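Let's walk through this protein together, one question at a time. Have a look at it first, then read on.

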Amino acid sequence: MSATATTCPYCGVGCGVLAHVDASGATHVEGDPQHGSNLGRLCVKGAALGETVDLRGRLLHPLLRESGALPRRASWDEALDRVAQGFRRVIDAHGPDAVAFYVSGQLLTEDYYVVNKLAKGWLGTANIDTNSRLCMSSAVAGHKRAFGEDLVPGCYEDLELAELVVLIGSNTAWCHPIVYQRIARAKEARPSLQVVVIDPRHTATCELADLHLPLKPGTDVWLFNGLLAFLFRHGAMHAGFVDKHTQGFEAALAAAESDAGDPAEVARICGLQLADLLAFYRLFARHERTVSVFSQGVNQASSGTDKVNSIINCHLLTGRIGSPGMGPFSITGQPNAMGGREVGGMANMLAAHMDLDRPVHRDIVQAFWQSPHIATRPGLKAVELFEAIERGTVKAVWIMATNPVVSLPDADQVKRALARCELVVSTDIVAQTDTGAFAHVLLPALGWGEKDGTVTNSERRLSRQRAFLPAPGEARADWRIVCDVAQRMGFDRGFAFGAPHEIFDEHARLTAFRNRAPRDDAPMAARRVLDLGGLAGLDRQAYDALTPVQWPVCAAGEGTARLFGDARFAHADGRARFVATVARLPVHAPDREYPLILNTGRVRDQWHSMTRTGKSPRLGGHIPEPFIDMHPRDALLCGVREGELARIGSRWGTMVARVQHGGGILAGNAFVPIHWNDQFASDARVGSVVNPVVDPISGEPEFKHTPIRVEPFPVR
Ligand code: SF4
């Protein structure tokens with residue numbers, strides 16, 4: 001059996017997979033030992049990929065639904081005409097901002113590129129956002145503020161080279177298992193490697209921790225402002241680095257001193273033992289090679305961007321960035337969150353890391369595309385977008401490879417919005433989803449193993465996803481469906497792509513074009529980092545043979561493991577920025593009516609709304625149903641018992657789940673996983689309970705902090 005080298009479609013670790021199809025048609029997978037991110041390992045989800053590629057439940061033909069009737073099968077021509085004419089009608093009547101796209105970190109970079117090109121360059125709207133908004137947009141905003149561009153400076157190898165790894169708001173053991181395994185093996189080989197876990201919950205990741213700080217939810221900025229003040233006072237500042245390569249230190253230190261100058265007060269606010277807090281601060285001060293890994297526990301907050309910058313500030317103060325074994329490290333949730341950002345896959349971005357609100361960037365992109373329009377202002381971010389649909393200002397939406405009725409906060413609002421939307425188009429691999437139930441047009445897409453393209457993982461490593469299975473039914477690649485609609489809208493030029501390598505080539509050339517363009521927004525000292533110029537011009541054969549590589553990619557095709565070794569950042573003056581971060585609590589505090597704080601997240605063996613992992617009995621065996629993990633004291637106060645069902649209610653909605661006492665929850669807190677939905681159990685969408693508060697800078701929702709109450713179900 002020959003194997004196809006491809007990439008896992010789940011988390012942002014981006015593991016290389018070797019896939020084989022046997023004579024009976026069954027798919028078998030193993031880790032790709034040549035892939036630099038996982039070096040041959042796979043976690044339990046990746047190892048079960050072969051169990052998820054059958055055609056049960058697949059959407060295999062275009063479907064149309066009229067006036068509430070059951071959907072009927074349609075030809076591609078009829079379905080594509082319906083989409084193209086519907087979008088054209090709405091734009092003609094109400095303008096381009098009356099249409100919108102809501103896409104996904106599951107899309108391949110080539111898919112992301114063409115749909116952004118259609119929206120921003122041809123339709124003239126930036127109303128295109130992505131479910132990646134929900135997991136890492138605070139990291140994006142923090143990177144841009146600190147570095148001048150959305151960049152993760154380091155690589156996974158740094159975790160093995162570090163003396164201290166700080167895991168902040170990250171249940172790495174379950175959510176990024178291969179990253180966790182790399183740290184665990186490094187610690188096994190070198191027990192002096194210290195691991196600190198900062199998380200309100202005692203998760204599986206704590207098994208590796210030398211120190212666990214169960215901080216009070218939402219108090220991270222106090223903790224890291226306190227660390228900044230401590231490092232300064234205890235002589236850990238790298239004055240030469242700060243003087244030569246940064247700006248804004250004084251203001252950041254003043255903000256930190258005023259919020260968090262007294263460690264005893266910080267410990268009180270964060271709910272930590274002072275001795276533990278000081279132990280962490282001393283570890284950080286002592287270890288030059290420190291990596292601070294952060295994930296959704298940091299990002300998914302109304303102060304998410306400030307949390308990110310408060311962490312980065314500590315690395316700038318100590319000059320710990322750009323060398324092996326050190327740096328701040330955002331690990332993303334989705335397989336192609338990074339690739340989507342490269343091509344401008346968010347409502348406030350343009351392709352090639354350019355910004356919609358900079359006229360010079362708009363000119364560069366429009367000149368390269370030679371497009372009839374270019375959106376002139378940032379579009380609606382995820383939560384705002386569905387609010388605009390409910391208000392009726394957005395009248396047509398195309399949802400690709402995502403399930404917002406399950407995954408967005410205040411998910412019942414999303415239902416109301418879609419129910420009143422004039423035209424809902426859904427492209428998916430699954431026939432029945434909570435979101436698809438509202439679609440007027442359902443378009444069948446290719447799934448993992450059937451589609452071809454590229455993804456980029458958390459360490460900037462670009463890898464190929466390759467097809468090794470035939471296209472089922474009438475399913476088509478997402479990029480092709482977008483091009484088909486664009487051409488039906490009269491946009492032949494710009495969308496005449498025949499294969500993914502042609503799209504990738506255009507994307508790569510645009511990054512190089514940007515870097516050659518006149519820099520009226522930056523002196524020559526500044527740099528623009530995203531560069532795929534070394535991969536421009538790949539023909540089909542070279543694209544097929546592309547091996548994983550970390551961008552920027554030089555003309556000779558070589559990648560770059562680490563950024564900022566020369567301490568030249570992407571801001572106009574080449575200096576990084578400290579950001580003065582002001583600590584603030586989450587927006588909604590618990591009260592008498594809603595006394596507990598709901599935290600949400602992933603479990604080890606499921607992925608998103610379970611449309612794929614839900615097919616595997618092996619994965620389902622880990623945790624078979626939705627649960628609420630709560631402290632026994634709170635369960636007693638709420639009148640619920642372990643093993644019984646409970647109704648969870650907030651000001652936004654309700655759900656039902658089984659009570660458990662996992663032992664890792666602080667009193668006053670509860671945890672519910674994000675995966676279950678109405679396709680698997682009734683009343684099981686935690687999204688309907690979550691508050692729709694967002695970070696004012698990044699637009700990322702506060703998934704980690706919703707006041708709730710819990711009561712017996714059925715209500716006694
Ligand atoms: Fe897939 Fe993530 Fe597991 Fe790697 S760690 S196999 S990318 S789910």
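Q: Which residue stands opposite methionine 630 in E27?
A: This is a predicted model, in which local features need pLDDT of at least 70 and side-chain atom pairs count only at pLDDT 80 or more, while totals for chains, interfaces and linings use all residues. Residues are numbered from 1 along each chain as its sequence is written. Strand E24 (residues 627-630) and strand E27 (residues 669-673) run antiparallel and are joined by 2 bridges; helices (H or I, at least four residues) and strands (E, at least two) are DSSP runs, numbered from the N terminus. The residue opposite methionine 630 is alanine 670.

Q: In what order do the strands of the closed barrel run?
A: Two strands pair if DSSP finds at least two bridges between them. The barrel has 6 strands with mixed pairing, and its neighbouring strands are turned by 45° against each other on average, direction ignored. The order is E23-E27-E24-E26-E25-E28.

Q: Which strands are the edge strands of the open sheet?
A: The open sheet has 7 strands with mixed pairing, in the order E5-E4-E18-E17-E16-E6-E7. An edge strand here pairs on one side only. That describes strand E5 (72-73) and strand E7 (128-130).

Q: Do strands E17 and E18 run parallel or antiparallel?
A: In general, strands of a sheet pair through backbone hydrogen bonds, in either of these two ways. Here 4 bridges join strand E17 (residues 423-428) to strand E18 (residues 441-444), and valine 425 stands opposite valine 441 in E18. The two strands run parallel.

Q: What angle does the direction of helix H2 make with that of E18?
A: Helix H2 (residues 76-94) packs on the sheet and touches several strands, including E4 (63-64) and E6 (99-103); contact means that C-beta atoms, placed from the backbone, lie within 7 Å. Axes are lines fitted to C-alpha atoms, for helices over the stretch in contact, and angles run from 0 to 180 degrees between N-to-C directions. The angle is about 130°.

Q: Which domains does the ligand lie between?
A: Domain bounds come from an automatic or database domain assignment. There are 14 residues around the ligand, with Cys8, Cys11, Cys15, Cys43 and Gly46 coming nearest; a residue is near if its C-beta atom, placed from the backbone, lies within 6 Å. Because both domains give residues to this shell, the ligand lies between domain 1 (4-52) and domain 3 (141-331).

Q: How many residues of domain 3 are in contact with domain 2?
A: The centres of domain 2 and domain 3, taken over C-alpha atoms, are separated by 35 Å. On the domain 2 side, 6 residues take part. The residues they touch in domain 3 number 9.

Q: What phi does arginine 460 have?
A: Arginine 460 is in the loop between strand E19 (453-456) and strand E20 (461-465). Its phi is positive although arginine 460 is not a glycine. The value is about 65°.

Q: What pLDDT does the chain average?
A: pLDDT is the predictor's confidence in each residue, from 0 to 100. In this chain, 98% of the residues score at least 70. The average is 95.

Methods
Contact = placed C-beta atoms within 7 Å.
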